[in-house]
Amino acid sequence: MNAPTAAGSPPAAVWKALARRLSPPGRDRMKTFDPQTKAYVSARRITETLPTQMAAVYLYTPGRRATLLALDFDSKGHGREQVDTDFDRALGWLTACGARVVTDRSTNGGRHILVPLGIGTTASFDEIQPLMRQLAARLPSLDAKPMQNAKEG
């Protein structure tokens, strides 16, 4: 993969390189976020151009299978320090297991860890749920809801 990997890569280049690769097979659309309603309000086709609104690819195929694990750490109720602590802990666990990850940090202090599964590997919604419950029990700032919603996650 010729994706930018260095910290500080331009967001447009990262989006172009990764958006389609992180979207599961059968999902060529992304959700866009309305900052006024604070909800994902529409779905648009994934393009190589960085969206002007906050957007997210879907996490599950229409058959409820995932090709990646998405960990979403929210600073709203826990603060940046807790997010950083939880992020570092989860990242340590993942890298100790040999995972290759994509990470980011939002302007509000939230963070994400995206863990692509092995090539040709998927996990069912039901297989992922016990893992998400265990992670949420150990990482206070982890918002497990995206991986707990097979339709809209």
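Two strands are counted as paired if DSSP finds at least two bridges between them, and the strands themselves (E, at least two residues) and helices (H or I, at least four) are DSSP runs numbered from the N terminus. The model described here is predicted, so local features need pLDDT of at least 70 and side-chain atom pairs count only at pLDDT 80 or more, while totals for chains, interfaces and linings use all residues. Residues are numbered from 1 along each chain as its sequence is written, and side-chain values use heavy atoms, with hydrogens and water left out.

**The sheet and its helix**

**The hairpin of S1 and S2**

Strand S1 (residues 29-34) and strand S2 (residues 39-45) run antiparallel and are joined by 6 bridges, with Ser-42 in S2 as the bridge partner of Thr-32. The hairpin has 4 residues between the strands, and Lys-38 takes a positive phi near 55° there. Most residues other than glycine have a negative phi. Arg-64, in the loop between strand S3 (55-57) and strand S4 (65-66), also has a positive phi, of about 65°, although it is not a glycine.

**Charged side chains**

The structure holds 6 salt bridges, a salt bridge being a side-chain nitrogen of Lys or Arg within 4 Å of a carboxyl oxygen of Asp or Glu. The table lists some of them.

| Pair | Closest N and O atoms |
|---|---|
| Asp-126 and Arg-64 | 3.7 Å |
| Arg-65 and Glu-127 | 3.9 Å |
| Asp-84 and Arg-111 | 3.1 Å |

Asp-84 lies in helix H2 and Arg-111 in strand S7, so this pair ties together parts that are 27 residues apart in sequence. Asp-84, Arg-105 and Arg-111 are linked in a network of salt bridges. Arg-111 is buried at 12% relative accessibility, whereas Asp-84 is partly exposed at 23%; buried means under 20% relative accessible area, exposed over 50%, and partly exposed in between, with a 1.4 Å probe and protein chains only.

**Asp-72 in strand S5**

Asp-72, found in strand S5 (residues 68-73), is buried yet has no salt bridge, and the nearest side chain of opposite charge, Lys-76, is 7.0 Å away; in this count Lys and Arg are positive and Asp and Glu negative, while His and the chain ends are not counted. A polar contact of 3.3 Å does join the side chains of Asp-72 and His-112, the term meaning a pair of N or O atoms within 3.5 Å, where within protein one must be able to donate a hydrogen and the other to accept it, and residues adjacent in sequence count only if both atoms are side-chain atoms. Not counting residues up to four places away in sequence, Asp-72 touches several others, among them Arg-111, His-112 and Pro-146, contact meaning heavy atoms within 4.5 Å.
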